[in-house]
Amino acid sequence: MRRFMSACSGSSCSDWLKMPLLPLALLLAAGVSLSSAEAQSSFSKLPDSVKKGVELAEQNVNAHEGVQHHFLFFKTIQQSQIEAGFDVVYIYHNFNLKATKCKRGTENADTTTCAFRNDRPLIDCAVCYKAYAGAIEAEPKPYVSCVHKPALTEAMKKERIDNCNKMGYSSGSPTLLAVVS
């Protein structure tokens with residue numbers, strides 16, 4: 001440690017210490033861009049019927065008065081669906097939303113226009129709903145649960161699964177979350 005300190009003196013030391021920060025800053029910026037691009041890519045790869053559930057959760061979160069920044073899809077945690085026939089699908093999707101640098105209410109927001117923030121906790125969302133011909137059905141009412149990740153407990157996770165299982169998705173087919181539980 002002393003050798004390092006003795007090698008630096010005056011302004012030459014501060015100049016020397018600043019040099020490694022530029023490559024580090026560039027690497028971090030590239031990582032943030034990559035993270036945003038990956039999130040947008042993973043959202044675009046979701047089936048349309050699953051995207052609709054994500055969009056429903058985003059609308060709910062972004063409409064909340066306590067939210068200051070716009071939230072966007074970040075990544076899927078778990079997903080299951082049951083094909084019930086006649087173009088009916090029961091969907092369960094657990095995913096994360098992440099705060100962006102855009103203010104709440106930003107229209108047409110996506111990760112190309114709103115970069116993700118890394119100083120806010122993720123929001124863990126679980127949605128379950130019935131989709132017919134790719135559209136979310138009004139009955140049974142879609143279930144949406146979004147909680148800041150640090151506050152999410154195991155009891156909350158269990159309650160989500162219980163709510164999805166008893167929402168009236170009994171069409172004689174297996175329980176929606178049988179694969180998840």
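Which cysteine does a disulfide join to Cys128? A disulfide joins Cys128 to Cys164, with an S to S distance of 1.9 Å.

The model is predicted: local features need pLDDT of at least 70, side-chain atom pairs count only at pLDDT 80 or more, and totals for chains, interfaces and linings use all residues. Residues are numbered from 1 along each chain as its sequence is written, and side-chain values use heavy atoms, with hydrogens and water left out.

**View 1. The disulfide of Cys128 and Cys164 (a disulfide is a pair of cysteine sulfur atoms within 2.5 Å).** The torsion about the S-S bond is about -90°, so this disulfide is left-handed. Cys128 lies in strand 3 and Cys164 in helix 5, so the pair ties together parts that are 36 residues apart in sequence. Helices (H or I, at least four residues) and strands (E, at least two) are DSSP runs, numbered from the N terminus. Both Cys128 and Cys164 are buried, where buried means under 20% relative accessible area, exposed over 50%, and partly exposed in between (1.4 Å probe, protein chains only).

**View 2. The disulfide of Cys125 and Cys146.** The sulfur atoms of Cys125 and Cys146 are 2.1 Å apart. This pair links distant parts of the chain, with Cys125 in strand 3 and Cys146 in strand 5, 21 residues apart. The torsion about the S-S bond is about 120°, so the disulfide is right-handed. Cys125 counts as buried at 0% relative accessibility, whereas Cys146, at 26%, counts as partly exposed.

**View 3. Thr100 in strand 2.** Thr100 has 0% relative accessibility and therefore counts as buried. Its side chain reaches the backbone oxygen of His70 at 2.7 Å. A polar atom of the Thr100 side chain lies 3.3 Å from the backbone nitrogen of Cys102. Not counting residues up to four places away in sequence, Thr100 touches several residues, among them His69, Leu72, Cys114 and Phe116 (contact means heavy atoms within 4.5 Å).

**View 4. The disulfide of Cys102 and Cys114.** The sulfur atoms of Cys102 and Cys114 are 1.9 Å apart. The link is left-handed, with -95° about the S-S bond. Cys102 is in strand 2 and Cys114 in the loop between strand 2 and strand 3, 12 residues apart.

**View 5. The buried side of helix 5.** Arg160, Ile161, Asn163 and Cys164 are buried in helix 5. They cover an arc of only 160° around the axis (taken from the directions from the helix axis to the C-beta atoms), which puts them on the same side of helix 5. The face turned away from the buried side carries the exposed residues Glu154, Ala155 and Lys158.

Note on methods: Polar contact = N/O pair within 3.5 Å; in protein donor to acceptor, adjacent residues only side chain to side chain.
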